[in-house]
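Good morning, colleagues. Please look at the model on the screen while I take you through a few of its features.

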Amino acid sequence: MVFTNWARNQSGSPAEVRAPASVADVVRAVRDAAASGRRVRMVGTGHSFTGVALTDGIMLRPHALTGIRSAAGDRVTVLAGTPLRVLNELLDERGLALANMGDITEQTVAGAIQTGTHGTGRDSGGLADQVAELELVLADGSVATAVPGEDLFDAARVGLGALGVLTAVTFRVEPAFLLHNRRRKMSLREIFASLDELTSANEHLDFFWLPHTDACLVKTNNRHPGPARPPSPAKRWLDNVFLENTVFGAACAAGARFPGLIPRINEVSAAALGDSESVDTSYKIFTARRDVRFLEMEYAVPRERLAQALRETRDLIERMDWRITFPVEVRVAPPSDAWLSTAYGRATAYVACHIYRPTPHTAYFEGVEEIMTRLGGRPHWGKLHTRDAAYLGKVYPRFADFVALRDRLDPRRLFTNDYLDLVLG
Ligand SMILES: Cc1cc2nc3c(=O)[nH]c(=O)nc-3n(C[C@H](O)[C@H](O)[C@H](O)COP(=O)(O)OP(=O)(O)OC[C@H]3O[C@@H](n4cnc5c(N)ncnc54)[C@H](O)[C@@H]3O)c2cc1C
C-alpha cells in the first residue's frame, strides 16, 4: 500500500497497515511493533504537507476509531480518529460547539492537534488549547491519561505523534453560538495603519493579501445574539464552491500556464472583491471547502513583528519578480501553554504562503522563510519548512523538556520517522 497525502507531495509505503477499532487494538499494534523491531504511527487524513505522518513500519489508519465516547457538562470525549466535520455535527446535535477552529474540517481530531492546527482568535487559541484531557498508548504499551498540571499533558497536546498514539481526546466545549461574519476589501496600507485596532476589536480576524496588488480581503467573525442570517444555498455555492474553488482553480491553472498574466489575474480578483456579511452557526462560518490543491508554508511570528514580516514579504515578492496567484493569509492567536504550540508563550501572528500545486515553490518559500526565521518565527509542524532541531530548540523555550520526555517515554524511537528525526533530533 502506498500512502499519499492530500497535497500529493508526500508518500510512503508502510510495511503493514491496520485499522484499530479499540484501545486494545492500538496497544496490540504498539506491542507488536516493539516486539518485531518496527516503528508504528497513526495517521490522520493526510492533510499535512510535511512528512510528519509517514512511517515505514505499522501505519494505523484512524477510520475505525471515531465517535463520541462520553459527554458531560462542558467536556466531550471523542475517539482520536473522529473527523472534525463529524465532531462539529455531533456537538451541534447536543447544542455545543468548539470555541475556535481552522479553515477546514477534514482532519481527524488527533491529527489536527498533533501538529498544532489553529484558526484565528483574539482570545481563543488553536484546537490543542481547547483540549482538557488526552488518552494515549505509550511505547511500553501502557495506556496513559494526560491531565492539566502534568508535563505529559503540556507536551502531548501538540506532540507530533512522537510521544504515543492518541486514542481519545477530551475537549472543553461551549454552548453552540452564532458568528457574525463580515468580509470587506481593505488596502494593505489601511491594514498596516489599523492592525492593532483590527486585532483588538474582533474576536476572529483573518485577512488575505493578494500579491501584485495592494488589496486584501478582510474577514472578521464576532459572536452574535441572532437571529441567524445564513447565506442562501445558492450564494454559499457561488462564493465557496464556484468563486473560491472553481473560478479560483481556473485562474490558478491559467497563471501556471502563463505566469506573465498573474499580476493581471490578481488585479481582476482584487477588483471583484466586495463587501458581504452573514450570521450563521460558528463552525459553518469558521470553515470552508478547499478543492484547489496547493502547497503551504506557514510561520508563527511574535504578534508585534507582523507588520514587518508582511512588509518584507511584499517587498521580496516584488524584488524577485515572482508570480504568485495565491493570497498570503494572516491570522492571530493568544499565547498557548502547549510546549510545541507555535503560539507557545507569546501573542502570535501567522503568515501563510501558498503555491498552486504544480508550480515550483522552493525559491518563494525559502525566501519568505529567511524573513520569518530572522524574526524568530516558528514553522507550522504540518506545513512545509526546512528547519531542524538546532533551530527549533532556540525558538521553543520548552523544546529540551519535550525531547527529554520523549527520551524517557520512547527511548527506542518506536514512534519516529524521518521528519521527526529532523525536527526533534
Ligand atoms: C486544505 C488544507 C487546509 C488546512 N487548514 C489549516 C488551518 O486552517 N490551520 C492549520 O493550523 N492547519 C491547517 N492545515 C494543516 C492541517 O490541519 C494539519 O497538517 C493537520 O495535522 C492535518 O490533520 P490530519 O488528520 O490530516 O493528520 P495527518 O496529516 O495525517 O497527521 C498529522 C500528524 O498527526 C499524527 N497523528 C494522527 N493521528 C494520531 C494519533 N491518533 N495519535 C498520535 N498521532 C497522530 C500523525 O502521525 C502526524 O504526525 C490545512 C491543511 C490542508 C491540506
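Proline 227 sits in the loop that joins strand 15, residues 215-224, to helix 6, residues 233-257. Please bear in mind that this is a predicted model. The peptide bond leading from glycine 226 into proline 227 is cis, and its omega is near 5°. As a reminder, most residues other than glycine have a negative phi, and most peptide bonds are trans.

Let me turn to the helices. Two packed helices are described by the angle between their axes and the distance between the axes. For helix 5, residues 188-201, and helix 9, residues 306-320, the axes come within 10 Å and cross at roughly 160°. Angles over 145 degrees count as roughly antiparallel, and helix 5 and helix 9 are therefore roughly antiparallel to each other. Their crossing is left-handed. Which residues of helix 5 and helix 9 meet? From helix 5 they are Leu188, Phe192 and Leu195, and from helix 9 they are Leu306, Ala307, Leu310, Arg311 and Arg314. Sorted by class, this contact of helix 5 with helix 9 comprises 6 nonpolar and 2 charged residues, with no polar ones.

Helix 9 also packs with helix 10, residues 362-374: the two axes come within 10 Å and cross at roughly 150°. That angle makes helix 9 roughly antiparallel to helix 10. The crossing of helix 9 and helix 10 is right-handed, whereas that of helix 5 and helix 9 is left-handed. On the helix 9 side, the contact with helix 10 is formed by Ala309, Glu312, Thr313, Leu316 and Ile317; helix 10 supplies Tyr364, Gly367, Val368, Ile371, Met372 and Arg374. In terms of class, the contact of helix 9 with helix 10 has 7 nonpolar, 2 polar and 2 charged residues.

Finally, the ligand. Which of the 36 residues around the ligand come nearest? They are Met42, His47, Ser48, Gln107 and Thr115. In the side chain of serine 48, an N or O atom is 2.6 Å from an oxygen atom of the ligand. For threonine 115, a polar side-chain atom lies 2.6 Å from a ligand oxygen atom. Histidine 118 takes part through its backbone: a polar backbone atom there is 2.8 Å from a nitrogen atom of the ligand.

Thank you for your attention.

Conventions. Residues numbered from 1 in each chain as written. Predicted model: local features only at pLDDT ≥ 70, side-chain atom pairs only at ≥ 80, totals over all residues. Heavy atoms only, no water. Axes fitted to C-alpha atoms, helices over the stretch in contact; angles between N-to-C directions. Helix = DSSP H or I, 4+ residues; strand = E, 2+ residues; numbered from the N terminus. Parallel < 35°, antiparallel > 145°, perpendicular 65-115°, else oblique. Left-handed = near helix turned anticlockwise from the far one by under 90°. Contact = heavy atoms within 4.5 Å. Nonpolar A, V, L, I, M, F, W, Y, C, P; charged D, E, K, R; others polar. Near = heavy atom within 4 Å. Polar contact = N/O pair within 3.5 Å; in protein donor to acceptor, adjacent residues only side chain to side chain.
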